Amino acid sequence: MEVSIETWVKKHDLIYIGATRHPFIHSIRDGSVDINNYKRWLSQDYLFVRKFVPFVASVLVKACKESDDENDMEILLAGMASLNDEIDWFKKEAAKWDMQLTGITPSKTNQKYWRFLESLMHPDVSYTVAMVALWAIEAVYQQSFAHCLEEDAKTPSELREACERWGSQEFAQYCDSLKKIANGLLAKASNDVRGKAEAAFVEVLEEEIEFWNMSEGRAK
Ligand SMILES: Cc1ncc(CN)c(N)n1
């Protein structure tokens, strides 16, 4: 049976929609967002991104060891560079809202997501599994924030920059490159690795939903 990211998106459509069309995203899109929720998301996501960087670095290390396509390294390196910009953006955005990014207490939801990222950084986790997870993590943000930039969206002007970070064409292309790598790896993977990759895909979606819930103050 053919296995690809697209078949899993269809198979797990309810949870995929749950992650990419979350009420928090709807609230940004229709302009009803409680700005305290946005600020909670901003500060917790800043902490998340600082943990996400070593995870992406670990995927890069796996690519160096396991990939037979040298383009993978360039794509992942560009992703790392954009995370550098992302960290700067969080600092600027926090200053815009008069927020401090030092001394924030990580939420339980965030800490759980970090533990999941750490589990994926283990050398025993295959490049295929880690790449599928990386694609899913980035794709949820791309799909979510692109939705807030559609023509009929009423996204508040002061939140548009945040949406453009992940909703841009450039970020969509990066996600597409990750998806192509992941699909290529899945085509060659054993059933065992495919099973683990599918489980990682679903877990990313669950973690992302919990992250949005936490941003809305509906989870710790
Ligand atoms: C929780 C979460 N997921 C994904 C992304 C996109 N890098 C993010 N910044 N934060």
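Is phenylalanine 52 buried or exposed in this predicted model, and what is its relative accessible area? Phenylalanine 52 is buried, with a relative accessible area of 2%, where buried means under 20%, exposed over 50% and partly exposed in between, for a 1.4 Å probe and protein chains only. Because the model is predicted, local features need pLDDT of at least 70 and side-chain atom pairs count only at pLDDT 80 or more, whereas totals for chains, interfaces and linings use all residues. Residues are numbered from 1 along each chain as its sequence is written, and side-chain values use heavy atoms, with hydrogens and water left out.

**View 1. The whole protein chain.** The protein chain has 10 helices and zero strands, helices being DSSP runs of H or I with at least four residues and strands runs of E with at least two, numbered from the N terminus. The C-alpha trace spans about 50 × 35 × 30 Å along its principal axes. The radius of gyration of the protein chain is 17 Å, which agrees with the value near 17 Å for a compact globule of 220 residues; the radius is taken over C-alpha atoms, and the globule rule is 2.2 Å times the number of residues to the power 0.38. Of the 220 residues, 52% count as buried.

View 2. Phenylalanine 48 and phenylalanine 52 form a stacked pair, at 5.7 Å centre to centre and with 25° between the planes. Both residues lie in helix α4 (residues 35–66), four residues apart, about one turn of the helix. Phenylalanine 48 also counts as buried, at 6% relative accessibility.

View 3. Tryptophan 89 and tryptophan 166 form an edge-to-face pair, at 5.7 Å centre to centre and with 85° between the planes. Tryptophan 89 lies in helix α5 and tryptophan 166 in helix α8, so the pair ties together parts that are 77 residues apart in sequence. Tryptophan 89 is buried, with a relative accessible area of 5%, and tryptophan 166 counts as buried at 1%. Both tryptophans belong to one aromatic cluster, which also includes Phe24, Tyr38 and Trp41.

**View 4. A lysine over a tryptophan ring.** Lysine 51 lies over the face of tryptophan 114, at 4.7 Å from the ring centre; a charge sits over a ring if NZ of Lys or CZ of Arg is within 6 Å of the ring centre and within 35 degrees of the ring normal.

**View 5. Tyrosine 113 and phenylalanine 211.** Tyrosine 113 lies in helix α6 (residues 108–120) and is buried, with a relative accessible area of 1%. The C-alpha atoms of tyrosine 113 and phenylalanine 211 are separated by 8.3 Å, although these residues are 98 residues apart along the chain.

Conventions: Phe/Tyr/Trp six-rings, centres within 6.5 Å; stacked < 30°, edge-to-face > 60°.
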